[in-house]
Amino acid sequence: MVFERLHTDDPALRRIAEKVGAGERLTFADGLALYRSNDLLTVGYLANFVREKLHGNRTYFNVNRHINPTNVCVASCKLCAFGRKPDSPGAYAMALDEVFRKAGEGWTEAVTEFHIVGGLHPHLPFQYYLDLLRGLKERFPTVHLKAFTAVEIAYYAHLTRLSIRQILEQLKLAGLGSLPGGGAEIFAPATRRRICDHKIGAYTWLKVHRIAHGLGLHSNATMLYGHIESDEDRVDHLLQLRDLQDQTGGFQTFIPLAFHPANTELGKLVAWTETSGLMDLKNIAVSRLLLDNFPHIKAYWIMMTPRVAQVALRFGADDLDGTVVEEKIYHDAGAHTPQVMTRQEIERLIREAGREPIERDTLYRPVRRTETAVTVQV
Ligand code: V47
């Protein structure tokens with residue numbers, strides 16, 4: 001037995017440790033036991049075992065830039081501080097030239113990814129998004145375009161009356177490289193209705209990713225925790241993702257996202273506090289253990305803080321996300337983290353955790369930098 005000398009006062013973890021050591025799949029009940037265990041160090045130790053089996057010390061990050069073309073959104077999700085009604089103060093929609101200028105602005109390091117997400121704007125035509133991708137590809141041909149959550153894709157289908165497949169095919173032709181994992185929130189219908197009742201449900205979110213994978217596009221997945229969800233909701237969410245991944249194999253990375261209450265309707269309902277470091281680390285560890293078919297677990301430093309994200313590299317995470325440059329969604333919701341980190345700072349955090357930093361592109365191919373060139377190893 002791999003964990004013969006495991007010291008824990010939680011009998012449920014002994015049983016789970018045997019399974020983890022034998023590479024056996026964990027069940028719904030195991031997931032609940034992990035969430036309900038007070039022995040965070042053992043949960044983290046088991047997750048770290050899996051992480052090191054998959055990646056050794058390798059720890060990934062990328063040099064990316066976030067672009068949010070519009071914050072106008074018809075959805076009014078209670079969890080969100082970013083979206084605005086079209087006539088509200090602070091509402092914006094960038095002209096395409098503005099998007100292209102922003103993409104190249106204020107950063108001397110060559111980015112390898114643009115991460116592009118925005119609100120559900122009722123008046124921007126679908127052509128705007130096609131022109132946006134085409135225009136970025138023309139100007140930055142080597143940069144990967146990771147763009148539009150499943151919620152945005154489904155909204156374009158609704159506006160145009162095209163199918164989700166047709167929307168994805170057209171976006172792919174225009175330069176779409178992969179889908180980010182946003183909009184998943186929590187799949188359990190009763191909880192989902194209370195935090196984002198105008199958003200697509202789990203069925204459609206999963207359908208968009210299933211179709212994207214069928215078209216050869218990779219994607220990520222997220223889960224929003226630290227609000228009104230139960231342990232059962234979180235385990236259910238993770239196992240639905242695991243089921244789809246069994247079928248398609250198209251997910252690359254899972255990113256647990258901690259709810260930030262400031263300036264949100266949901267935050268006003270209860271005197272909310274931000275999630276604790278313990279909850280953040282537990283979500284990283286439990287997701288690493290349950291999502292046995294996901295290659296990567298990301299500790300998104302913007303959301304977790306660089307301090308907790310660094311510790312997460314010993315609790316199951318193998319990725320820190322990237323340089324980001326200009327983050328809006330979490331900063332509108334009260335995040336105190338910086339909006340940008342340099343490559344050197346990220347590498348230092350990783351090295352200090354005893355891990356080996358690997359700059360990757362969006363598809364996890366290693367990136368080589370010299371004084372004059374950036375190349376991706378294929
Ligand atoms: O979809 C919105 C969440 C997501 C809040 O795929 C909130 O690599 C917490 O998906 N508190 C967008 N969370 C961010 C996202 C993401 C981030 C980094 C990397 C990747 C990737 C994806 O943020 C939204 C929603 O789930 N969100 N408001 C809030 N107040």
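Predicted model: local features only at pLDDT ≥ 70, side-chain atom pairs only at ≥ 80, totals over all residues.
We can begin with helix H6, which spans residues 150–160. Two packed helices are described by the angle between their axes and the distance between the axes. Helix H6 packs against helix H9 (residues 202–214) at an angle of about 90 degrees, and the two axes are 9 Å apart. H6 is therefore roughly perpendicular to H9, since angles of 65 to 115 degrees fall in that class. On the H6 side, Ala-150, Ile-153 and Ala-154 make the contact, and they meet Thr-204, Trp-205, Val-208 and His-209 of H9. Sorted by class, this contact of H6 with H9 comprises 5 nonpolar and 2 polar residues, with no charged residues.

Helix H6 also packs against helix H7, formed by residues 164–174. Here the axes cross at roughly 110 degrees and come within 9 Å. This angle makes H6 roughly perpendicular to H7. From H6, the contributing residues are Ile-153, Tyr-156, Ala-157 and Thr-160, while H7 supplies Ile-164, Ile-167, Leu-168 and Leu-171. The contact of H6 with H7 holds 7 nonpolar residues, 1 polar residue and no charged ones.

Attention now turns to the ligand. The ligand is surrounded by 24 residues, and the closest are Lys-146, Gly-183, Glu-185, His-260 and Lys-298. A backbone N or O atom of Gly-181 is 2.8 Å from a ligand oxygen atom. For His-260, a backbone N or O atom lies 2.8 Å from a nitrogen atom of the ligand. Lys-298 contributes through its side chain, where an N or O atom is 2.8 Å from an oxygen atom of the ligand.

Glu-185, one of the closest residues to the ligand, sits in the loop between strand E5 (178–179) and helix H8. Although Glu-185 is not a glycine, its phi is positive, at about 50 degrees. With a relative accessibility of 7%, Glu-185 counts as buried, because the class covers values under 20%. A positive phi is also found at Asn-263, again a residue other than glycine, with a value near 65 degrees. Asn-263 belongs to the loop between strand E7 (251–258) and helix H11 (265–269). In contrast to the buried Glu-185, Asn-263 counts as exposed, at 60% relative accessibility.

Glu-185 is also a contact partner of Cys-196, together with Cys-77 and Leu-79, once neighbours of Cys-196 within four places in sequence are left aside. Cys-196 lies in the loop between helix H8 (189–195) and H9, and is buried, with a relative accessible area of 1%. Computed along the chain, Cys-196 and Pro-89 are 107 residues apart, and their C-alpha atoms are 22 Å apart in space.

Asn-220 counts as buried, at 5% relative accessibility. Apart from its neighbours within four places in sequence, Asn-220 is in contact with residues including Lys-146, Gly-181 and Lys-298, as well as Trp-205 and His-209.

Key:
Residues numbered from 1 in each chain as written. Heavy atoms only, no water. Axes fitted to C-alpha atoms, helices over the stretch in contact; angles between N-to-C directions. Helix = DSSP H or I, 4+ residues; strand = E, 2+ residues; numbered from the N terminus. Parallel < 35°, antiparallel > 145°, perpendicular 65-115°, else oblique. Contact = heavy atoms within 4.5 Å. Nonpolar A, V, L, I, M, F, W, Y, C, P; charged D, E, K, R; others polar. Buried < 20%, exposed > 50% of the residue type's maximum accessible area, 1.4 Å probe, protein only. Near = heavy atom within 4 Å. Polar contact = N/O pair within 3.5 Å; in protein donor to acceptor, adjacent residues only side chain to side chain.
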